[in-house]
Amino acid sequence: MIKPLHDNVILKKDEVENKTSSGIILTTETKKIPSVATVVALGPDCKSEIKENSKVVYKEYSGTNIKIDEVDYIVIEEKDILAYIA
């Protein structure tokens, strides 16, 4: 288990569907990948309303990407989270 320090948040990037509803496969150039992720863990100094398992929108080029046990995570500062999906 990974635990963030200070006001950092661990995110797991959500999988993006690369097919339309009619079954047409889209390439990554065709469809922009949104910056939406699920919160895995919060640092002890986080003060926002977000909780673990919340879906959030974050700044596109912020954070540090890491891979643990073949799972990709993003370590990001709490201030780089723009919104959460209620």
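Strand 3 and strand 6 run antiparallel and are joined by 4 bridges, where strands are DSSP E runs of at least two residues, numbered from the N terminus, and two strands pair if DSSP finds at least two bridges between them. Within this pair, Tyr 58 has Ile 81 as its bridge partner in strand 6. The model is predicted, so local features need pLDDT of at least 70 and side-chain atom pairs count only at pLDDT 80 or more, while totals for chains, interfaces and linings use all residues. Residues are numbered from 1 along each chain as its sequence is written, and side-chain values use heavy atoms, with hydrogens and water left out.

**The sheet**

- The protein chain has 0 helices and 6 strands, and its elements read β-β-β-β-β-β from the N terminus on.
- These 6 strands form an open, antiparallel sheet in the order 4-5-1-2-3-6.
- Strand 4 and strand 6 (81–85) are the edge strands, each pairing on one side only.
- On average, neighbouring strands of this sheet are turned by 40° against each other, direction ignored; the axes behind that angle are lines fitted to C-alpha atoms, and angles run from 0 to 180 degrees between N-to-C directions.
- Strand 4 (residues 64–68) pairs with strand 5 over 5 bridges in the antiparallel sense, and Thr 64 is partnered there with Val 75.
- Strand 1 is joined to strand 5 by 4 bridges, also antiparallel.

**The nonpolar core**

- The largest nonpolar core holds 11 residues: Val 9, Leu 11, Ala 37, Val 39, Cys 46, Ile 50, Val 56, Tyr 58, Ile 74, Ile 76 and Ile 81.
- Strand 1 (8–13), strand 2 (36–42), strand 3 (55–58) and strand 5 (71–77) each give two or more residues to this core.
- Such a core is a set of buried Ala, Val, Leu, Ile, Met, Phe, Trp, Tyr and Cys residues joined through side-chain atoms within 4.5 Å.
- In soluble globular proteins, nonpolar side chains tend to be buried together.
- Val 39, one of the core residues, touches residues including Val 9, Leu 11, Ile 50, Asn 53 and Val 56, not counting residues up to four places away in sequence; contact means heavy atoms within 4.5 Å.

**Asn 8 in strand 1**

- Asn 8 lies in strand 1, and its bridge partner in strand 5 is Glu 77.
- Asn 8 counts as buried because its relative accessible area is 19%; buried means under 20%, exposed over 50%, and partly exposed in between, using a 1.4 Å probe and protein chains only.
- The side chain of Asn 8 reaches the backbone oxygen of Leu 5 at 3.1 Å.
- Beyond four places in sequence, the contacts of Asn 8 include Leu 42, Cys 46 and Ile 76.

**Two loop residues with positive phi**

- Most residues other than glycine have a negative phi.
- Asn 53, although not a glycine, has a positive phi of about 75°; this residue lies in the loop between strand 2 and strand 3 and is exposed, at 64% relative accessibility.
- Asp 69 also is not a glycine and has a positive phi of about 50°; the hairpin of strand 4 and strand 5 that holds Asp 69 has 2 residues between the strands.
- Asp 69 counts as exposed because its relative accessibility is 71%.

**Whole-chain numbers**

- Of the 86 residues in the protein chain, 29% are buried.
- Among contacts with a separation of 6 or more, 58% link residues 24 or more positions apart.
- The accessible surface comes to about 6300 Å², of which 53% belongs to carbon and sulfur atoms, by the Shrake-Rupley method with a 1.4 Å probe.

Definitions and conventions:
Polar contact = N/O pair within 3.5 Å; in protein donor to acceptor, adjacent residues only side chain to side chain.
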